[in-house]
Amino acid sequence: MRPSSESSHRHPSVVVWQLVDKLGAIAVLVLILIGMSIFYADFVTVDNLLTIGVQATTRAILAIGVTLVIVSGGIDLSVGTGMSLCMVVMGVFAINWEQSMWLAGAMAIVTGAGIGLVNGSLIAFAGLPPFIATLGMLGIAQGIALMLSEGYSMYGFPAEFGFVAAGTAVGIPLPLIILAVIALLMAYVFKQTRLGRYSYAIGGNEEGARRAGIPVRGIKIAIYVTAGALVGAASIVLASRINSAHPGIGFGYELDAIAAAVIGGASLQGGRGTVGGAIIGALIMATIRFGLNVLGMSPFVQQIVIGAILIAAVYLDIVRTRQEVRLSRLRAH
Amino acid sequence: MTLANSAATGVPLVEMRGISKYFGGIAALRGVDFSVRAGEVVALLGDNGAGKSTLIKTLSGAQPPDEGEIRISGTPVHLDSPKAAKAAGIETVYQDLALCENLDVVANLFLGRELKRGPLGPFFSFFDGGRMMNEARTLLDRLNIEIPSLRTAVRHLSGGQRQSIAIAKAVYSQARLIIMDEPTAALGVVQTEKVLRLVRDLAAAGIAVVYISHIMEDVFKVADRMVVLKNGRRVGERLTAETDRDEIVRMMITGVDERAGAGAAV
């Protein structure tokens, strides 16, 4: 290995882009915090930051899964209503059938993985575009969630279950610890496993990946199953926070999760995205939502803002990709 | 004399006999014979639709032939899938580059056969970045391929460097025969020279190369032998040293081997 000479040969423009990639989102987060501090001098407090962090947890877990999907060149629109369904399944097991909370939680994750299995199979074997397959699943998951819950919120989780969202360990809110564990695990998956490496390869050049002998179909299914399992995990955290299962709560989360992934550097063109980026992106989204609440903006207007942010983030990604394609063509000759 | 290869005698590494391939009622290949020896660069020539791609696909396992026999080192083989062809030591470097531009050089070279290390085997292991880096360095040095940083994403490299990496990837697979489809089509002059030199280096190392190109100048620089196809038939072949551009182009256009007297009817 020649680490020093390896890095010294990098083209300056490459280094600049990599810095923008790595630090751009963090800079945006800091700017938003500074901006909010101008409106409210005491906006940046430990309490507020922890609250933002806890509120970001659900979105961050979803965004990590969505990032894996986006890295492979796909998209998952079903994470929001899928989360509702996972939550309702948890409610059915824990409340209706009075099973243990552990089993209920496990079933939430199994349900999420099952949704991913269907998504992945439709995409890998039936050849559906990911956008359509997961859009259909968005509706299907919503419908099943409403059927199982009969359209009502489900109350009556055991009191201890609240600990997941409200508990602390060594002074740190438990959701943040859960997020940290998931982030570490997924960073390992992204960077050190074939699943992660092949997701990047498929997103970069699917035909090339196939020619290199990668089992593209199997990897795609594994990608959506992983994202689905994370949806299940997110549903546990959220259900604990609202101390109930709500069949309508998830819808709209896909918007936040995709926006968080893209703000965090994932490219809808595929081949790019990181766990760290997804978390920063989710923190940005949570900070914006928290800030809009503090500013007294109505939830309706917030929806508009979030939608606009998603569009802006994707547009920036398109501009960046165009520029890179241009540079790449220039170098090729 | 270009054909200075001592390896260019003896049993062919790959021998294709009477290869035919039909698509519906249309014959894309009709009884084509084709062979390559170890250490030999054979150019496959012909106008669009002559059957070059189809012949290559029968050899790379992508489209097994309907009739005919393929022998490797004298042994009949059934190349009924790309996997079978790879297992037989046949690798293809495609025109449109099968590299992942978002991955770095090392990741591309090892794509699909990453080296791992770790105490718990498949359950918890890490990519062995150091070992892959070292092996990649050794391989590229051996092939005289200059890439400043192997940690650079491929999209940041020149076309010639990308093509060289695609070729190196084939070499790393222990390829005995490498098929190259228009490897210099998208390259500038300097980069073309480097790739052509790499092809000659491979041949010198005993690897057989099937070289497809429309660029006659490149073909005459790099090939030991040329085989001309037209309308799915083999027109004829020439040693590079014993022919010239005009004769080859005439063969491609007319589909007639002038030296064969009657010539091959098309």
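How many Å separate the centres of domain 1 of chain B and domain 2 of chain B, taken over C-alpha atoms? The model on screen is predicted, and the tour starts with that question.

**Stop 1: the two domains of chain B**

Select residues 1–89 and 176–266 of chain B for domain 1, then residues 99–174 for domain 2. Taken over C-alpha atoms, the centres of these two domains of chain B are 28 Å apart.

Now look at where the domains touch. Domain 1 of chain B puts 12 residues in contact with 13 residues of domain 2 of chain B. On the domain 1 side, select helix 6 of chain B, residues 189–204: the largest share, 6 residues, comes from this helix. By type, the domain 1 side that touches domain 2 of chain B has 7 nonpolar, 2 polar and 3 charged residues.

**Stop 2: helix 5 of chain B**

Select residues 159–172 of chain B, which form helix 5. Is this helix mostly covered or mostly uncovered? Of the 14 residues in helix 5 of chain B, 13 are buried, so by the cut-off each of those 13 has 20 or more other C-beta atoms within 10 Å of its own.

Next, check the length of helix 5 of chain B from end to end. Then move to B:Q174, which follows helix 5 of chain B and has a positive phi, near 60°.

**Stop 3: where chain B meets chain A**

Show both chains. The contact takes 28 residues from chain A and 27 residues from chain B. On the chain B side, select strand 8 (126–127) and helix 4 (129–142), the elements of chain B that give two or more residues to the side touching chain A. Helix 4 of chain B supplies the largest share of that side, 3 residues. The chain B side that touches chain A divides into 13 nonpolar, 10 polar and 4 charged residues.

**Stop 4: two helices of chain A**

Select helix 4 (residues 79–96) and helix 12 (residues 253–263) of chain A. These helices pack with their axes 6 Å apart, at an angle of about 125°. Helix 4 of chain A is therefore oblique to helix 12 of chain A.

To see the contact, show A:V79, A:G80 and A:M83 from helix 4 of chain A, and A:Y253, A:E254 and A:A257 from helix 12 of chain A. The residues of this contact between helix 4 and helix 12 of chain A divide into 4 nonpolar, 1 polar and 1 charged.

Definitions and conventions: Residues are numbered from 1 along each chain as its sequence is written. Chains are lettered from A and ligands numbered from 1 in the order in which they are written. This is a predicted model: local features need pLDDT of at least 70, side-chain atom pairs count only at pLDDT 80 or more; totals for chains, interfaces and linings use all residues. Two residues are in contact if their C-beta atoms, placed from the backbone, lie within 7 Å. Helices (H or I, at least four residues) and strands (E, at least two) are DSSP runs, numbered from the N terminus. Ala, Val, Leu, Ile, Met, Phe, Trp, Tyr, Cys and Pro count as nonpolar, Asp, Glu, Lys and Arg as charged, and the others, Gly among them, as polar. The expected span of a helix is 1.5 Å times one less than its number of residues. A residue is buried if 20 or more other C-beta atoms lie within 10 Å of its own, exposed if 12 or fewer, and partly exposed in between; C-beta atoms are placed from the backbone. Domain bounds come from an automatic or database domain assignment. Axes are lines fitted to C-alpha atoms, for helices over the stretch in contact, and angles run from 0 to 180 degrees between N-to-C directions. Angles under 35 degrees count as roughly parallel, over 145 as roughly antiparallel, 65 to 115 as roughly perpendicular and the rest as oblique.
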